[in-house]
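Dear colleague,

Please read the notes alongside the coordinates.

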Amino acid sequence: MTLMSLFRTKSIQDSLNDTFEEGRTLKRTLGPWDLAIMGVAVAVGAGIFSVGAKAAGSFAGPSVVLSFVLAAATCFLAIMCYAEFASSVPVAGSAYTFTYATLGELLAWIIGWDLILEMLTAAAVIAKYWGIYLSNVFDYWNWDIPSTINVLGLDVSWGAFVIVAIFTALLIAGTKLSARVSNVFTVIKVAIVVFVVIVGFFYVNPANYVPFIPEAQPVTGSDTAVWEQSLFSFVSGAAPSQYGVFGLLAAASLVFFAFVGFDVVATSAEEVKNPQKNLPKGIFWGLGIVTVLYILVSLVITGMVSYKDLAAAGGDASLDLAFKLVGAEWAGQIISIGILVGLTTVIMVLLLGLARVIFAMSRDGLLPRMLSKTGANTHTPIRTQVICGLVVALIAGLTDVGVLEEMINIGTLSAFVLVSLGIIVLRKKNPRVKGAFRVPFSPYVPILSAALCLWLMFNLTTLTWVRFLVWLALGFVIYFTYSRRNSVLGKKLKAEAAAAAASAGAPGTSAPGTSATGNVSTGTIQTGASSGGTSSAGASSAEASSVEGSPVEGPSDETDTRDR
């Protein structure tokens, strides 16, 4: 094993060819509004009613509005990189696929493994909370229905099992059908959010916005424990503090959770009609809507009550509490229904994204190939979708998932970092590949995006980083014991090297195209050095044309060495 072989890259044309592999194809049915609503569906959940209140009370005060702006700006920079990649490589897998095309197989595996962490934990956390909020709605209506049932001595959250089972079945039936159901729920929850915001503004007291950025003060109590400090505070030795500028930045790391999900939208690239144009549109429209909604809600919360009241409530700080403190307890029922509807669509999109990442990694051989088989009629990865639904339901129904919440943020941010840096590599390695959208001011914008994401990562707790490193260590074990040996790209490179060696050994012949040594040592499938012997110029032209206009009509004539 050579070091460089760990960074072998998969050509864009090979990725596009994979979308036509028999028995492993997805159906293009989604338009730009489907994607925009999908982004809103996954980003606007229970958090819109609570995360701003918690961040204001514990970290930023009224300046939590700026925390949302900073988090949204960071997300926007990263999402621009996603949009360029998605319009250039419209293939399932999101950051995993993009990293494989630019930074190499090992880093692609790491980011794919991180995406699985992000979406698996997020889906389990949201499914658990869905069951809890369902019980709250029952309580408002005075229905005595327990939130858990006893199965073999275990308390099982039945609500989590039910909602995961419903959306797993819908996703198996087809992405378009699932999108239509999600669209209905998303319109309802956005209407509820807008209604609550309008009513809330009637209770706003401008005096609550002063001071806008409260003076920094040291943290006392359990929050000073090493594991609860941000990694930045732990490494730098800076004393943990609330409020002030550093509190505002810490709040930005927390509220970034609100924007988790837009990378999930990119996982559906292979199911989008005219992805070169529709993917960037859908992603940006969705991000704009979500940013406006979160800023409006945070303005209402911090204007209705003092941030000190929210701080006193601790983990119970929410928009519902703000309405209770101003005497409008009736709003709690509407908010609870809004939360329940909001969480419903989040679960569906996360289950979709989780299955698509595993599908892409499986098709490349880094996970068992059987997981990338799709149904003949539905063109969805039925087997993978069922497994994802079962694992999410078990985690949500049987465990305490609250400790996993910050793992969602660190998984997303790590993906954002690599995708941002990947744009620079994409431009250098494939200068002729031009998608419908290109990040302006490259490489400065991608570098700024990566730096901001790293900064937010360093503001997550030390304990979150420890758990993240443990997850990465497990990923390395799987990669070196299974994935590397079964990589489709690795097998193809070995076959090409063997063919080149045999050709070089034959009398009167020389190795065609790129030398076997060059291919194996770099691990890169050069544009044009295909097994079919396509010329460099011809392959470059084919690859560029496949992404500049409409999606490719069919696979290139390359030898397929994959195990069916």
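How many aromatic pairs does a search of the whole structure find? The search finds 19, where rings of Phe, Tyr and Trp (its six-membered ring) pair if their centres lie within 6.5 Å, and planes under 30 degrees apart count as stacked, over 60 as edge-to-face and the rest as tilted. Please keep in mind that this is a predicted model, in which local features need pLDDT of at least 70 and side-chain atom pairs count only at pLDDT 80 or more, while totals for chains, interfaces and linings use all residues. Residues are numbered from 1 along each chain as its sequence is written, and side-chain values use heavy atoms, with hydrogens and water left out.

One of the pairs is formed by Phe85 and Phe98, which is stacked because the ring centres are 4.8 Å apart and the planes lie at 5°. This pair links distant parts of the chain, 13 residues apart, with Phe85 in helix H4 (residues 64-88) and Phe98 in helix H5 (residues 95-102); helices here are DSSP runs (H or I, at least four residues), numbered from the N terminus. Phe85 has a relative accessible area of 0% and is buried, and Phe98, also at 0%, counts as buried (buried means under 20% relative accessible area, exposed over 50%, partly exposed in between, with a 1.4 Å probe and protein chains only).

The pair of Phe138 and Trp143 is tilted, since its centres are 5.7 Å apart and its planes at 35°. Phe138 is buried at 10%, whereas Trp143, at 43%, is partly exposed. Elsewhere, ring pairs link Trp109, Trp113, Trp471, Phe476, Tyr479 and Phe480 into a cluster.

Turning to cavities, the whole structure holds two of 30 Å³ or more, a cavity being a set of points on a 1 Å grid over the protein atoms alone where a 1.4 Å probe fits but cannot get out, with lining residues having an atom within 4 Å of a point.

Finally, Arg369 lies in the loop between H15 and helix H16 (382-398) and is buried, at 13%. The side chains of Arg369 and Glu21 are joined by a polar contact of 2.7 Å (a pair of N or O atoms within 3.5 Å; within protein, one must be able to donate a hydrogen and the other to accept it, and residues adjacent in sequence count only if both atoms are side-chain atoms).

How values were computed. Helix = DSSP H or I, 4+ residues; strand = E, 2+ residues; numbered from the N terminus. 1 Å grid on protein atoms, 1.4 Å probe; cavity = no way out; pocket = protein on both sides within 12 Å on 5 of 7 lines; lining within 4 Å. Points joined across faces, edges and corners; volume = space filled by probe spheres on them.
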